[in-house]
Amino acid sequence: MKIAHKMIALLLPLVFMAINMGEASTVRYAVPLQDNVKIFDNRTGEFIPVATMKKDQPLVINKEYEQDWWEIKFGNGYAYISKSDVYQSETWTTRNVNTNAKNSNQTVLINYDLEVYDNTSGKLVPMVSIKAGLRYPVISEFGNFWKVDVGGRIGYMPKART
């Protein structure tokens, strides 16, 4: 009987780890209901628009923020999307979800409102538009583009507009 209790005590933490690991692997997406869904910065305590999402171009949800917002990765920090402007999905494509690419130490100044493109189809499809005047970290160069992480997805922004 003592051996059984010891075995349970040893195995129980492993079971909880396995359950938690399974939950962590589920990717949730904020899918915009229309074009130009606003993405907000909240570092000052005030929601300030910094970008807009394009219809059918979801971003990975980091976590829920308060009752009405989703938190997403944005640059080296986070930004927020109103839950009323998107729906949550766990079944969206995962072809360009950033699983291991890290931002470099380099940032670029965005000179004009700038489209970030999804290239998973082999065609450049607008994914997000970032407002002019922001500094944004890049992962690397990619020809005439900067490879970036926006909302947990890999995108490409034209160098000429930075």
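Buried, for a residue in this predicted model, means a relative accessible area under 20%.

**Figure 1**
The chain has 162 residues, and 37% of them are buried. It holds 15 strands and 1 helix. Now consider contacts between residues at least 6 apart in sequence. Of these, 56% join residues that are at least 24 apart.

Look next at the pairings of β1. Strand β1 covers residues 29-32, and strand β8 covers residues 86-89. The two run antiparallel and are joined by 4 bridges. Val 31 has Tyr 87 as its bridge partner in β8. On the β4 side, 2 bridges link β1 to residues 59-60, again in the antiparallel sense. There, Leu 59 of β4 stands opposite Ala 30.

**Figure 1. The two faces of strand β1.**
In a regular strand, side chains alternate between the two faces of the sheet. Are the faces of β1 covered or uncovered? Both are covered. Tyr 29 and Val 31 lie on one side, with Ala 30 and Pro 32 on the other. All four of these residues are buried.

**Figure 4**
Strand β2 spans residues 37-41 and is mostly covered, with 4 of its 5 residues buried. Its pairing with β3 is antiparallel and runs over 5 bridges. Between the two strands of the hairpin come 6 residues. In this hairpin, Gly 45 takes a positive phi near 90 degrees.

**Figure 2. Lys 54, a lysine in a loop.**
Find Lys 54 in the loop that leads from β3 (48-53) to β4. Is Lys 54 buried or exposed? Its relative accessible area is 14%. The cut-off for buried is under 20%, so Lys 54 counts as buried.

What does the side chain of Lys 54 make a polar contact with? The partner is the side chain of Asn 36, at 3.4 Å. Beyond its neighbours within four places in sequence, Lys 54 is in contact with several residues, including Pro 32, Gln 34 and Asp 35. Glu 115 is also one of its contacts. Others among them are Pro 126, Met 127, Val 128 and Ser 129.

**Figure 3. Gly 133, a glycine in another loop.**
Gly 133 sits in the loop between β11 (125-130) and β12. Its relative accessibility is 55%. Exposed means over 50%, so Gly 133 counts as exposed. Leaving out residues up to four places away in sequence, Gly 133 touches Leu 109 and Ile 110. Asp 113 is 20 residues from Gly 133 in sequence. In space, their C-alpha atoms are 8.2 Å apart.

**Figure 4. The largest pocket.**
Rolling a probe the size of a water molecule over the atoms shows where empty space is left. The largest pocket holds about 320 Å³ of space. Its lining consists of 18 residues. Which of them are the closest to its centre? They are Val 60, Asn 62, Lys 73, Asn 98 and Gly 152. By class, the lining has 7 nonpolar, 7 polar and 4 charged residues.

**Figure 5. The second largest pocket.**
This pocket has about 180 Å³ of space. Which elements give two or more residues to its lining? They are β7 (77-82) and β12 (135-137). Strand β12 gives the most, with 3 residues.

Residues in the lining include Asp 41, Arg 43 and Val 50. Phe 74, Gly 75, Asn 76, Gly 77 and Tyr 78 are also among them. Sorted by class, the lining has 6 nonpolar, 3 polar and 3 charged residues.

Definitions and conventions. Residues are numbered from 1 along each chain as its sequence is written. This is a predicted model: local features need pLDDT of at least 70, side-chain atom pairs count only at pLDDT 80 or more; totals for chains, interfaces and linings use all residues. Side-chain values use heavy atoms; hydrogens and water are left out. Buried means under 20% relative accessible area, exposed over 50%, partly exposed in between (1.4 Å probe, protein chains only). Two strands pair if DSSP finds at least two bridges between them. A polar contact is a pair of N or O atoms within 3.5 Å; within protein, one must be able to donate a hydrogen and the other to accept it, and residues adjacent in sequence count only if both atoms are side-chain atoms. Contact means heavy atoms within 4.5 Å. On a 1 Å grid over the protein atoms alone, a cavity is a set of points where a 1.4 Å probe fits but cannot get out, and a pocket is an open set with protein on both sides within 12 Å along at least five of seven lines; lining residues have an atom within 4 Å of a point. Grid points are joined across faces, edges and corners, and a volume is the space filled by probe spheres set on the points. Ala, Val, Leu, Ile, Met, Phe, Trp, Tyr, Cys and Pro count as nonpolar, Asp, Glu, Lys and Arg as charged, and the others, Gly among them, as polar.
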